[in-house]
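I'll jot things down as I look them up.

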Amino acid sequence: MADEALFLLLHSEMVAGLYRAAEQGEGENGRCTTKLESMGFRVGQGLIERFTKDTARFKDELDIMKFICKDFWTTVFKKQIDNLRTNHQYLAFTCGLIRGGLSNLGIKSIVTAEVSSMPACKFQVMIQKM
């Protein structure tokens, strides 16, 4: 329980800090989004290394996506993927988190998010063939 609270506080403070810096003229809003996405990417890579160190190799991309949607997401957010409540500012970090995780599993991808009606959001993962 404490781990979840710490993660949420850290996540909120990262977003607030980056946007506060942009408001004070240290960067622009687009850079904040890029920084959040980059942070998420690196965190996703590290978490995937830790979560998959004792698992068998995945058969294909479908198995990897199932792992990301079920195990990875539930471990990180303590919620099922179809019930995530978030703010649109937080989506850049989360997109990076997913993209970083996939990258470390050998899948190059583009991850985008869309908020059609709050509090729901929809993630789209486009796998790039190498």
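This is a predicted model: local features need pLDDT of at least 70, side-chain atom pairs count only at pLDDT 80 or more; totals for chains, interfaces and linings use all residues.

I started at threonine 94, which sits in helix 4 (residues 91-104). Buried or exposed, I wondered about threonine 94? I get a relative accessible area of 2%, so threonine 94 is buried. Next I looked up its contacts, skipping neighbours within four places in sequence, and found Trp73, Phe77 and Phe123.

Two of those names made me run a search for aromatic pairs. Over the whole structure I got three.

I took phenylalanine 51 and phenylalanine 72 to begin with: they pair edge-to-face, with 5.8 Å centre to centre and 65° between the planes. This pair links distant parts of the chain, since phenylalanine 51 belongs to helix 2 (residues 29-52) and phenylalanine 72 to helix 3 (residues 61-77), 21 residues apart. Phenylalanine 72 comes out at 0%, so I put it down as buried. Phenylalanine 51 has 24% relative accessible area, so partly exposed goes in the notebook.

Where do the two partners sit? I find tryptophan 73 in helix 3 and phenylalanine 123 in strand 2 (residues 120-128), 50 residues apart, and this pair too links distant parts of the chain. Tryptophan 73 is buried at 1% relative accessible area.

Technical notes
Residues are numbered from 1 along each chain as its sequence is written. Side-chain values use heavy atoms; hydrogens and water are left out. Rings of Phe, Tyr and Trp (its six-membered ring) pair if their centres lie within 6.5 Å; planes under 30 degrees apart count as stacked, over 60 as edge-to-face and the rest as tilted. Helices (H or I, at least four residues) and strands (E, at least two) are DSSP runs, numbered from the N terminus. Buried means under 20% relative accessible area, exposed over 50%, partly exposed in between (1.4 Å probe, protein chains only). Contact means heavy atoms within 4.5 Å.
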